[in-house]
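Have the structure open as you read.

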Amino acid sequence: MKININLNGKDLLLDSPPETRLVDLLKSSAKVQSLRTSCYKGICRGCSIFFNGDLVSSCLIPAFQARDAEIITFEGLKKLEEINDILRSFDDLEFDPCDFCRPGKIMTIHSILESYSDPEDYQILEAFEGINCSCTSKSTLLESVKRSAQYRRRRRRARNI
Amino acid sequence: MPNTGGEEDVPEIYSHIFYPSNLNELLSIKNKNPDAAIWSGGTGLMGKQKSKRPNLPISIIQISKIPELKKIKRTERFLEIGAGAVINKILNVGQHVLPTALSQAMRLIKPTAIRNIATLGGHLCVQETRLNLFSVLSLMDSSLEIKKQGGSRWIQINRLFNKNGEIQLKENEILTRIRIPFGKWNREIFKSNGNPFFDMGKALSFCILAEIEKGIINDFRMSIGNSGKHIIRNIELESLIIGKKLPFSSKEASAISQKHKEWIQSLTLELTPFQRDQSIRFIYWIIKELLP
(Lines give C-alpha, C1' and ligand atoms only; values in the text may rest on other atoms or scores of the structure.)
Protein backbone atom coordinates (compact mmCIF):
# COMPACT_ATOMS: atom_id res chain seq x y z
CA MET A 1 0.00 0.00 0.00
CA LYS A 2 1.05 3.63 -0.49
CA ILE A 3 1.78 5.48 2.71
CA ASN A 4 2.14 9.25 2.93
CA ILE A 5 4.28 10.46 5.79
CA ASN A 6 6.03 13.65 6.74
CA LEU A 7 9.53 12.66 7.78
CA ASN A 8 11.65 15.34 9.42
CA GLY A 9 9.70 18.04 7.60
CA LYS A 10 9.72 16.37 4.18
CA ASP A 11 6.68 14.74 2.58
CA LEU A 12 7.35 11.20 1.42
CA LEU A 13 5.28 8.58 -0.34
CA LEU A 14 6.39 5.10 0.66
CA ASP A 15 5.25 1.77 -0.73
CA SER A 16 5.03 -1.02 1.79
CA PRO A 17 2.99 -3.98 2.95
CA PRO A 18 0.69 -2.65 5.70
CA GLU A 19 2.08 -4.93 8.41
CA THR A 20 5.73 -3.91 8.03
CA ARG A 21 7.00 -2.42 11.26
CA LEU A 22 7.58 1.31 10.95
CA VAL A 23 11.16 0.98 12.18
CA ASP A 24 11.97 -1.40 9.32
CA LEU A 25 10.14 0.75 6.80
CA LEU A 26 12.02 3.88 7.86
CA LYS A 27 15.34 2.06 7.77
CA SER A 28 14.81 0.36 4.42
CA SER A 29 12.72 2.80 2.40
CA ALA A 30 13.60 6.15 3.96
CA LYS A 31 17.22 5.26 4.77
CA VAL A 32 17.00 6.45 8.36
CA GLN A 33 20.23 5.32 10.00
CA SER A 34 19.72 6.30 13.63
CA LEU A 35 17.12 3.62 14.37
CA ARG A 36 18.12 0.42 16.15
CA THR A 37 16.17 -2.81 16.19
CA SER A 38 16.61 -5.09 19.13
CA CYS A 39 13.62 -6.22 21.16
CA TYR A 40 10.62 -5.62 18.84
CA LYS A 41 8.58 -5.27 22.03
CA GLY A 42 8.79 -1.51 22.46
CA ILE A 43 11.00 -1.83 25.51
CA CYS A 44 14.62 -1.24 24.50
CA ARG A 45 13.80 2.13 22.91
CA GLY A 46 16.48 1.94 20.26
CA CYS A 47 13.82 2.70 17.67
CA SER A 48 12.38 5.79 19.39
CA ILE A 49 10.82 8.41 17.13
CA PHE A 50 8.49 11.35 17.63
CA PHE A 51 5.21 10.22 16.10
CA ASN A 52 2.72 13.08 15.76
CA GLY A 53 4.60 14.81 18.57
CA ASP A 54 4.83 11.90 21.02
CA LEU A 55 7.85 9.74 21.71
CA VAL A 56 7.04 6.16 20.72
CA SER A 57 8.82 2.93 19.85
CA SER A 58 8.52 2.60 16.09
CA CYS A 59 8.77 -1.21 16.25
CA LEU A 60 5.25 -1.28 17.70
CA ILE A 61 3.71 0.67 14.85
CA PRO A 62 2.69 -1.10 11.67
CA ALA A 63 3.20 0.82 8.45
CA PHE A 64 -0.53 1.34 7.85
CA GLN A 65 -0.84 3.19 11.16
CA ALA A 66 1.71 5.76 9.99
CA ARG A 67 -0.46 7.06 7.15
CA ASP A 68 -0.40 10.89 7.21
CA ALA A 69 1.78 10.88 10.33
CA GLU A 70 4.40 13.47 11.21
CA ILE A 71 7.57 11.68 12.15
CA ILE A 72 10.75 13.11 13.59
CA THR A 73 13.77 10.88 13.93
CA PHE A 74 17.13 11.65 15.53
CA GLU A 75 18.27 13.00 12.14
CA GLY A 76 15.47 15.58 12.27
CA LEU A 77 16.04 16.39 15.91
CA LYS A 78 19.71 17.14 15.25
CA LYS A 79 18.65 20.07 13.08
CA LEU A 80 16.89 21.79 16.00
CA GLU A 81 18.71 24.47 17.94
CA GLU A 82 17.39 23.03 21.24
CA ILE A 83 19.44 19.87 20.81
CA ASN A 84 22.50 21.89 21.81
CA ASP A 85 21.20 22.06 25.38
CA ILE A 86 21.56 18.31 25.59
CA LEU A 87 24.89 18.05 23.75
CA ARG A 88 26.36 20.82 25.89
CA SER A 89 25.46 18.98 29.07
CA PHE A 90 27.05 15.82 27.64
CA ASP A 91 30.26 17.78 26.99
CA ASP A 92 30.22 19.28 30.49
CA LEU A 93 29.98 15.87 32.08
CA GLU A 94 32.20 14.14 29.51
CA PHE A 95 29.24 11.86 28.96
CA ASP A 96 29.51 9.90 25.73
CA PRO A 97 26.79 7.25 25.33
CA CYS A 98 27.58 4.34 23.03
CA ASP A 99 26.50 4.44 19.40
CA PHE A 100 23.69 1.98 20.00
CA CYS A 101 21.80 3.96 22.58
CA ARG A 102 22.91 7.54 21.85
CA PRO A 103 19.99 8.46 19.51
CA GLY A 104 17.38 6.88 21.82
CA LYS A 105 18.83 8.62 24.88
CA ILE A 106 18.92 12.04 23.24
CA MET A 107 15.37 11.61 21.91
CA THR A 108 14.21 10.60 25.39
CA ILE A 109 15.95 13.55 27.06
CA HIS A 110 14.36 15.89 24.53
CA SER A 111 10.91 14.46 25.30
CA ILE A 112 11.52 14.94 29.04
CA LEU A 113 12.52 18.57 28.49
CA GLU A 114 9.41 19.14 26.39
CA SER A 115 7.24 17.88 29.24
CA TYR A 116 9.01 19.22 32.33
CA SER A 117 11.03 22.40 32.69
CA ASP A 118 12.63 21.16 35.92
CA PRO A 119 12.35 17.36 35.86
CA GLU A 120 12.57 15.38 39.08
CA ASP A 121 14.56 12.17 39.47
CA TYR A 122 11.53 9.89 39.31
CA GLN A 123 10.27 11.60 36.14
CA ILE A 124 13.63 11.09 34.48
CA LEU A 125 13.94 7.46 35.56
CA GLU A 126 10.37 6.75 34.50
CA ALA A 127 11.09 8.12 31.03
CA PHE A 128 14.24 6.00 30.76
CA GLU A 129 12.60 2.78 31.92
CA GLY A 130 13.71 -0.02 29.61
CA ILE A 131 16.91 1.65 28.41
CA ASN A 132 19.40 -0.45 30.28
CA CYS A 133 22.61 0.05 28.33
CA SER A 134 25.65 -0.32 30.55
CA CYS A 135 27.41 2.60 28.86
CA THR A 136 25.70 5.05 31.22
CA SER A 137 25.45 5.19 34.98
CA LYS A 138 22.23 6.30 36.61
CA SER A 139 23.88 9.28 38.31
CA THR A 140 25.41 10.55 35.06
CA LEU A 141 22.09 10.20 33.31
CA LEU A 142 20.23 12.14 36.02
CA GLU A 143 22.89 14.83 36.10
CA SER A 144 22.95 15.25 32.33
CA VAL A 145 19.15 15.60 32.10
CA LYS A 146 19.08 18.14 34.90
CA ARG A 147 21.90 20.13 33.39
CA SER A 148 20.20 20.01 29.96
CA ALA A 149 17.04 21.31 31.63
CA GLN A 150 19.02 24.22 33.11
CA TYR A 151 20.36 25.15 29.67
CA ARG A 152 16.89 24.80 28.20
CA ARG A 153 15.39 27.11 30.84
CA ARG A 154 18.13 29.65 30.24
CA ARG A 155 17.50 29.51 26.50
CA ARG A 156 13.77 30.05 26.98
CA ARG A 157 14.32 32.94 29.37
CA ALA A 158 16.72 34.58 26.92
CA ARG A 159 14.18 34.15 24.14
CA ASN A 160 11.46 35.78 26.26
CA ILE A 161 13.70 38.79 27.04
CA MET B 1 -3.72 -14.66 7.40
CA PRO B 2 -1.24 -12.13 6.10
CA ASN B 3 1.89 -13.35 4.44
CA THR B 4 4.92 -14.35 6.39
CA GLY B 5 7.16 -14.43 3.36
CA GLY B 6 8.12 -17.75 1.85
CA GLU B 7 7.50 -19.60 -1.39
CA GLU B 8 7.53 -17.61 -4.62
CA ASP B 9 4.34 -19.04 -6.16
CA VAL B 10 2.24 -18.21 -3.12
CA PRO B 11 0.70 -14.77 -3.66
CA GLU B 12 1.17 -12.37 -0.77
CA ILE B 13 -2.06 -11.46 0.99
CA TYR B 14 -2.03 -8.12 2.70
CA SER B 15 -4.42 -6.80 5.30
CA HIS B 16 -7.18 -4.53 4.08
CA ILE B 17 -7.29 -1.32 6.09
CA PHE B 18 -10.23 1.04 6.61
CA TYR B 19 -9.64 4.59 7.83
CA PRO B 20 -12.92 6.04 9.12
CA SER B 21 -12.77 9.71 10.06
CA ASN B 22 -15.77 9.86 12.41
CA LEU B 23 -17.87 7.61 14.57
CA ASN B 24 -20.77 7.24 12.14
CA GLU B 25 -18.44 6.17 9.40
CA LEU B 26 -16.80 3.69 11.77
CA LEU B 27 -20.13 2.13 12.77
CA SER B 28 -21.18 1.86 9.15
CA ILE B 29 -17.90 0.18 8.15
CA LYS B 30 -18.14 -2.22 11.10
CA ASN B 31 -21.71 -3.05 10.15
CA LYS B 32 -20.70 -3.93 6.61
CA ASN B 33 -17.48 -5.70 7.71
CA PRO B 34 -18.31 -7.43 10.98
CA ASP B 35 -15.12 -9.52 10.83
CA ALA B 36 -12.86 -6.49 10.63
CA ALA B 37 -10.68 -6.03 13.70
CA ILE B 38 -10.67 -2.67 15.47
CA TRP B 39 -7.12 -1.29 15.59
CA SER B 40 -6.53 1.25 18.29
CA GLY B 41 -2.93 1.57 19.56
CA GLY B 42 -2.03 -1.99 18.58
CA THR B 43 0.71 -2.21 21.21
CA GLY B 44 -0.56 -5.52 22.59
CA LEU B 45 -0.73 -7.26 19.24
CA MET B 46 2.55 -5.86 17.94
CA GLY B 47 4.53 -6.35 21.16
CA LYS B 48 3.64 -10.02 21.43
CA GLN B 49 5.03 -10.90 18.00
CA LYS B 50 8.75 -11.13 17.63
CA SER B 51 8.84 -11.52 13.84
CA LYS B 52 9.77 -8.64 11.55
CA ARG B 53 6.48 -8.97 9.71
CA PRO B 54 3.81 -9.55 12.36
CA ASN B 55 0.64 -11.44 11.55
CA LEU B 56 -2.23 -9.02 11.44
CA PRO B 57 -5.95 -9.64 10.92
CA ILE B 58 -7.02 -9.73 7.26
CA SER B 59 -9.31 -6.78 7.68
CA ILE B 60 -8.58 -3.87 10.01
CA ILE B 61 -10.40 -0.67 10.97
CA GLN B 62 -7.96 2.00 12.15
CA ILE B 63 -9.70 4.21 14.70
CA SER B 64 -6.94 6.53 15.86
CA LYS B 65 -8.29 9.51 13.90
CA ILE B 66 -11.83 9.47 15.27
CA PRO B 67 -12.28 12.52 17.51
CA GLU B 68 -15.41 11.21 19.26
CA LEU B 69 -13.42 8.30 20.67
CA LYS B 70 -10.76 10.52 22.24
CA LYS B 71 -12.99 12.75 24.33
CA ILE B 72 -12.63 12.97 28.07
CA LYS B 73 -15.58 14.43 29.93
CA ARG B 74 -16.20 15.07 33.59
CA THR B 75 -19.54 15.56 35.30
CA GLU B 76 -20.34 15.82 39.00
CA ARG B 77 -20.91 12.11 39.34
CA PHE B 78 -18.58 10.48 36.88
CA LEU B 79 -15.69 10.67 34.47
CA GLU B 80 -16.24 9.54 30.89
CA ILE B 81 -13.31 8.56 28.74
CA GLY B 82 -13.45 7.72 25.03
CA ALA B 83 -12.23 4.23 24.24
CA GLY B 84 -9.65 5.63 21.81
CA ALA B 85 -8.07 8.01 24.34
CA VAL B 86 -4.35 7.41 24.69
CA ILE B 87 -3.18 6.51 28.22
CA ASN B 88 -0.67 9.36 28.56
CA LYS B 89 -3.24 11.88 27.31
CA ILE B 90 -5.69 10.63 29.94
CA LEU B 91 -2.99 11.01 32.60
CA ASN B 92 -2.21 14.56 31.47
CA VAL B 93 -5.75 15.80 30.90
CA GLY B 94 -7.22 14.05 33.92
CA GLN B 95 -4.39 14.46 36.38
CA HIS B 96 -6.57 16.30 38.91
CA VAL B 97 -9.69 14.21 38.49
CA LEU B 98 -8.52 10.65 37.87
CA PRO B 99 -9.13 8.31 40.80
CA THR B 100 -5.78 7.65 42.52
CA ALA B 101 -5.75 3.89 41.95
CA LEU B 102 -6.51 4.35 38.26
CA SER B 103 -3.77 6.91 37.89
CA GLN B 104 -1.31 4.61 39.72
CA ALA B 105 -2.27 1.70 37.47
CA MET B 106 -1.86 3.82 34.34
CA ARG B 107 1.60 4.96 35.43
CA LEU B 108 2.61 1.33 35.84
CA ILE B 109 2.05 0.69 32.14
CA LYS B 110 5.66 0.92 31.07
CA PRO B 111 7.67 2.23 29.35
CA THR B 112 6.20 5.69 28.78
CA ALA B 113 6.65 5.29 25.02
CA ILE B 114 4.00 2.56 25.13
CA ARG B 115 1.64 4.83 27.08
CA ASN B 116 1.94 7.31 24.22
CA ILE B 117 0.13 4.96 21.82
CA ALA B 118 -1.79 2.45 23.95
CA THR B 119 -5.45 3.36 24.42
CA LEU B 120 -7.84 2.67 27.27
CA GLY B 121 -10.30 0.79 25.06
CA GLY B 122 -7.56 -1.35 23.55
CA HIS B 123 -6.20 -2.12 27.02
CA LEU B 124 -9.60 -3.32 28.25
CA CYS B 125 -10.37 -5.41 25.19
CA VAL B 126 -7.20 -7.54 25.22
CA GLN B 127 -8.60 -11.07 24.99
CA GLU B 128 -5.95 -13.24 26.61
CA THR B 129 -5.59 -11.50 29.93
CA ARG B 130 -7.33 -8.90 32.05
CA LEU B 131 -4.75 -6.15 32.25
CA ASN B 132 -4.18 -3.78 35.17
CA LEU B 133 -6.74 -1.10 34.37
CA PHE B 134 -9.47 -3.69 34.04
CA SER B 135 -9.21 -4.73 37.68
CA VAL B 136 -9.24 -1.12 38.93
CA LEU B 137 -12.20 -0.12 36.78
CA SER B 138 -14.03 -3.27 37.74
CA LEU B 139 -13.68 -2.52 41.47
CA MET B 140 -14.93 0.99 40.78
CA ASP B 141 -18.15 -0.34 39.17
CA SER B 142 -17.34 1.29 35.85
CA SER B 143 -19.61 0.82 32.89
CA LEU B 144 -19.00 0.67 29.16
CA GLU B 145 -20.87 2.11 26.24
CA ILE B 146 -21.19 -0.34 23.38
CA LYS B 147 -22.34 1.02 20.03
CA LYS B 148 -23.48 -0.38 16.75
CA GLN B 149 -25.05 1.29 13.75
CA GLY B 150 -28.46 2.48 14.87
CA GLY B 151 -28.15 1.70 18.57
CA SER B 152 -26.14 1.66 21.74
CA ARG B 153 -26.19 0.04 25.17
CA TRP B 154 -24.36 0.36 28.48
CA ILE B 155 -22.98 -2.66 30.30
CA GLN B 156 -21.12 -3.18 33.55
CA ILE B 157 -17.43 -3.71 32.86
CA ASN B 158 -17.62 -7.19 34.42
CA ARG B 159 -19.97 -8.21 31.62
CA LEU B 160 -17.44 -7.44 28.90
CA PHE B 161 -16.07 -11.00 29.10
CA ASN B 162 -17.92 -14.21 29.86
CA LYS B 163 -16.80 -16.96 32.26
CA ASN B 164 -14.51 -18.42 29.59
CA GLY B 165 -12.87 -15.07 29.03
CA GLU B 166 -14.54 -14.47 25.65
CA ILE B 167 -15.45 -10.91 24.75
CA GLN B 168 -19.18 -10.29 24.79
CA LEU B 169 -19.43 -7.83 21.92
CA LYS B 170 -21.52 -8.73 18.89
CA GLU B 171 -19.68 -8.65 15.58
CA ASN B 172 -21.00 -5.24 14.57
CA GLU B 173 -20.51 -3.63 17.99
CA ILE B 174 -17.62 -1.61 19.32
CA LEU B 175 -16.62 -0.22 22.70
CA THR B 176 -16.89 3.57 22.56
CA ARG B 177 -16.85 5.02 26.10
CA ILE B 178 -15.85 4.11 29.62
CA ARG B 179 -17.80 5.68 32.48
CA ILE B 180 -16.11 5.78 35.87
CA PRO B 181 -18.25 6.85 38.81
CA PHE B 182 -16.59 9.14 41.36
CA GLY B 183 -16.72 6.92 44.40
CA LYS B 184 -16.66 7.51 48.07
CA TRP B 185 -13.21 5.93 48.26
CA ASN B 186 -10.65 7.81 50.31
CA ARG B 187 -7.94 5.15 50.32
CA GLU B 188 -7.01 3.80 46.90
CA ILE B 189 -3.93 1.75 46.21
CA PHE B 190 -2.71 -0.11 43.17
CA LYS B 191 0.51 -2.13 42.99
CA SER B 192 1.83 -4.51 40.40
CA ASN B 193 4.77 -6.81 39.80
CA GLY B 194 6.00 -7.80 36.37
CA ASN B 195 4.51 -7.27 32.95
CA PRO B 196 1.29 -9.23 32.37
CA PHE B 197 2.23 -9.64 28.69
CA PHE B 198 5.70 -11.01 29.10
CA ASP B 199 5.84 -12.43 32.64
CA MET B 200 2.88 -14.79 32.57
CA GLY B 201 2.91 -16.84 35.76
CA LYS B 202 4.80 -14.16 37.64
CA ALA B 203 2.96 -10.92 36.97
CA LEU B 204 0.57 -9.96 39.70
CA SER B 205 -1.42 -6.86 40.56
CA PHE B 206 -3.28 -5.77 43.68
CA CYS B 207 -5.90 -3.11 44.01
CA ILE B 208 -7.55 -1.84 47.18
CA LEU B 209 -10.37 0.66 47.53
CA ALA B 210 -11.51 1.65 50.99
CA GLU B 211 -13.83 4.19 52.51
CA ILE B 212 -12.60 5.00 55.97
CA GLU B 213 -14.40 7.44 58.22
CA LYS B 214 -13.31 8.31 61.76
CA GLY B 215 -11.07 5.26 61.76
CA ILE B 216 -13.83 2.85 60.74
CA ILE B 217 -13.75 0.98 57.45
CA ASN B 218 -17.18 1.66 55.98
CA ASP B 219 -16.52 -0.07 52.69
CA PHE B 220 -13.66 -2.13 51.34
CA ARG B 221 -12.88 -3.87 48.08
CA MET B 222 -9.77 -5.64 46.90
CA SER B 223 -8.79 -7.60 43.85
CA ILE B 224 -5.88 -9.64 42.62
CA GLY B 225 -4.93 -9.68 38.94
CA ASN B 226 -2.95 -12.73 37.89
CA SER B 227 -2.53 -12.04 34.15
CA GLY B 228 -5.28 -14.60 33.62
CA LYS B 229 -8.72 -14.23 32.13
CA HIS B 230 -10.38 -13.07 35.34
CA ILE B 231 -9.65 -10.86 38.26
CA ILE B 232 -9.88 -12.52 41.64
CA ARG B 233 -11.92 -11.17 44.56
CA ASN B 234 -12.83 -12.59 47.93
CA ILE B 235 -16.13 -11.07 48.99
CA GLU B 236 -16.06 -12.98 52.30
CA LEU B 237 -12.75 -11.44 53.25
CA GLU B 238 -13.95 -8.00 52.21
CA SER B 239 -17.00 -8.43 54.46
CA LEU B 240 -14.75 -9.46 57.32
CA ILE B 241 -12.78 -6.23 56.98
CA ILE B 242 -15.78 -3.91 56.53
CA GLY B 243 -16.92 -2.35 59.81
CA LYS B 244 -13.59 -2.88 61.57
CA LYS B 245 -11.95 -0.03 63.44
CA LEU B 246 -8.40 0.93 62.61
CA PRO B 247 -5.81 0.03 63.68
CA PHE B 248 -6.71 -3.67 63.74
CA SER B 249 -6.22 -5.46 67.04
CA SER B 250 -3.68 -8.27 66.85
CA LYS B 251 -6.53 -10.80 67.06
CA GLU B 252 -8.34 -9.16 64.12
CA ALA B 253 -5.16 -8.88 62.08
CA SER B 254 -4.35 -12.54 62.57
CA ALA B 255 -7.94 -13.61 61.74
CA ILE B 256 -7.80 -11.57 58.50
CA SER B 257 -4.37 -12.94 57.62
CA GLN B 258 -5.46 -16.52 58.29
CA LYS B 259 -8.63 -16.17 56.19
CA HIS B 260 -6.64 -14.62 53.37
CA LYS B 261 -3.97 -17.32 53.51
CA GLU B 262 -6.54 -20.13 53.38
CA TRP B 263 -8.24 -18.47 50.43
CA ILE B 264 -5.03 -17.94 48.49
CA GLN B 265 -3.90 -21.52 49.13
CA SER B 266 -7.19 -22.75 47.68
CA LEU B 267 -6.51 -20.92 44.40
CA THR B 268 -4.31 -23.65 42.95
CA LEU B 269 -5.72 -23.30 39.43
CA GLU B 270 -5.69 -19.52 39.27
CA LEU B 271 -2.28 -18.75 40.75
CA THR B 272 1.17 -20.22 40.25
CA PRO B 273 3.13 -21.11 43.42
CA PHE B 274 5.12 -17.88 42.99
CA GLN B 275 1.95 -15.81 42.71
CA ARG B 276 0.40 -17.60 45.72
CA ASP B 277 3.46 -16.83 47.79
CA GLN B 278 3.36 -13.17 46.77
CA SER B 279 -0.38 -12.92 47.37
CA ILE B 280 -0.12 -14.31 50.89
CA ARG B 281 2.37 -11.59 51.75
CA PHE B 282 -0.01 -9.09 50.22
CA ILE B 283 -2.34 -9.19 53.23
CA TYR B 284 0.39 -7.93 55.56
CA TRP B 285 0.91 -5.06 53.17
CA ILE B 286 -2.85 -4.31 53.13
CA ILE B 287 -2.99 -4.24 56.90
CA LYS B 288 -0.06 -1.83 56.97
CA GLU B 289 -1.40 0.37 54.15
CA LEU B 290 -4.82 0.71 55.74
CA LEU B 291 -3.37 2.24 58.87
CA PRO B 292 -3.95 5.97 59.12
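This is a predicted model: local features need pLDDT of at least 70, side-chain atom pairs count only at pLDDT 80 or more; totals for chains, interfaces and linings use all residues.

You will find B:Lys214 in the loop between strand S10 (204–213) and strand S11 (216–225) of chain B. Look at its backbone too: B:Lys214 has a positive phi of about 50°, although it is not a glycine. Most residues other than glycine have a negative phi.

A:Glu94 is not a glycine, and its phi is positive, near 50°. This residue sits in the loop between helix H3 (83–93) and helix H4 (102–115) of chain A. A:Glu94 counts as exposed, because it has 7 C-beta neighbours inside 10 Å.

Now turn to the peptide bonds. Most peptide bonds are trans. In chain B, however, the bond from B:Lys110 to B:Pro111 is cis, with omega near -5°. B:Pro111 belongs to the loop between helix H4 (100–107) and helix H5 (112–115) of chain B. The bond from B:Leu246 to B:Pro247 is also cis, with omega near -5°, and B:Pro247 is found in the loop between helix H8 (235–241) and helix H9 (250–266) of chain B.

Finally, see where the chains touch. The contact draws 26 residues from chain A and 23 residues from chain B. On the side of chain A, the elements giving two or more residues are strand S4 (54–57) and helix H5 (121–127). S4(A) provides the largest share, four residues.

Terms used: Residues are numbered from 1 along each chain as its sequence is written. Chains are lettered from A and ligands numbered from 1 in the order in which they are written. Two residues are in contact if their C-beta atoms, placed from the backbone, lie within 7 Å. A residue is buried if 20 or more other C-beta atoms lie within 10 Å of its own, exposed if 12 or fewer, and partly exposed in between; C-beta atoms are placed from the backbone.
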